[in-house]
Amino acid sequence: MPNKSLGQHWLQDCQVLSLIAEEAAITEQDTILEIGPGLGTLTSELLKRAKAVIAVEYDSELARKLPGQFPGKNLTVIHQDILQFDLNQLPKGYKVVANVPYYITSSIVEKLMTAPNRPSLTVLLGQKEVACRLAAKPGDMSVLAVATQVFADVSLSEVVRRELFFPEPKVDSQVVILETLKQPRVEAEDQKRFFRIVKAGFREKRKKLRNSIAAGLAISAPEAEKLLERTGIDANNRAQDLSIEEWLRLTKNSV
């Protein structure tokens, strides 16, 4: 039985499982990292296409049983928390394909995008709301969207209805695709300051930028307004309205 505390919901629809694997454009040269393989239904689709699959499973019983389901296949099962897993042991250019527990999706994305050895492509099936947040455009941005889109182009694929899972979750899921950029949109030496500014802006996200930036950076509202004016950003905007390019300009003007 699925373990509710681990957010386990089994997807067994063959058509959807095949679609998820197809979205990763897997070739016979690819090594795939699968997060939370569970019963191995998606694992089966990945093994048909990839050179090798490395499956990281937190549930000890599932991790013990999975290898026996695929004798002779190039499958490595590791019993570990994915958030503790060392991505550096994977070959350069690896891909990630996974049906991830809703409650750690954001943490998984953060780990993958900020790792020294980032995947070339990530295809995740997760909560629809989180998938939409990852792919948000200016007007609906969040810290999660900014932090992800600094490192990857994000797009949405199929919505997967809740009734296709067992046990049925309370919400629908959606496939989200992260194509990792060869060069992040923010230079490595600027990233710490960039994210400090972004977090300052979102600290009180319902407020207008002049106020949220002032509070977040511990400066006066007039100083914040002048900073925004130098950057060419309307002080009446809110943090959710800004593009990554605008946050980057704001970072450079705040020096």
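The second largest pocket of this predicted model is lined by S106, V109, E110, M113, T114, V143, L144, A147, T148, F151, F195 and K199, where a pocket is, on a 1 Å grid over the protein atoms alone, an open set of points with protein on both sides within 12 Å along at least five of seven lines, and a lining residue has an atom within 4 Å of a point. About 240 Å³ of space lies in this pocket, the volume being the space filled by probe spheres set on the grid points, which are joined across faces, edges and corners. Helices α4 (105–114), α6 (143–149) and α7 (191–202) each supply at least two residues of this lining, and α4 gives the most, with five residues; helices (H or I, at least four residues) and strands (E, at least two) are DSSP runs, numbered from the N terminus. By class, the lining has seven nonpolar, three polar and two charged residues, with Ala, Val, Leu, Ile, Met, Phe, Trp, Tyr, Cys and Pro counted as nonpolar, Asp, Glu, Lys and Arg as charged, and the others, Gly among them, as polar.

A search of the whole structure finds one cavity of 30 Å³ or more, a cavity being a set of points where a 1.4 Å probe fits but cannot get out. The largest cavity holds about 40 Å³ of space, and its lining includes T105, L124, Q127 and V176. Strand β6 (121–127), helix α5 (128–134) and strand β9 (173–180) each supply at least two of the lining residues, and β6 gives the most, with four. Six residues of this lining are nonpolar and four are polar, while none is charged.

Seven strands form an open sheet of mixed pairing, in the order β4-β3-β2-β5-β6-β9-β7, two strands being paired if DSSP finds at least two bridges between them. At its edges stand β4 (75–79) and β7 (152–160), each of which pairs on one side only. Neighbouring strands of the sheet are turned by 20° against each other on average, direction ignored. Strand β3 (residues 52–57) pairs with β4 in the parallel sense over five bridges, and A55 stands opposite V77 in β4. Helix α3 (residues 60–69) packs on the sheet and touches both β3 and β4, contact meaning heavy atoms within 4.5 Å. The direction of α3 makes about 165° with that of β4, with axes fitted as lines to C-alpha atoms, for helices over the stretch in contact, and angles running from 0 to 180 degrees between N-to-C directions.

Residues are numbered from 1 along each chain as its sequence is written, and side-chain values use heavy atoms, with hydrogens and water left out. In this predicted model, local features need pLDDT of at least 70 and side-chain atom pairs count only at pLDDT 80 or more, whereas totals for chains, interfaces and linings use all residues.
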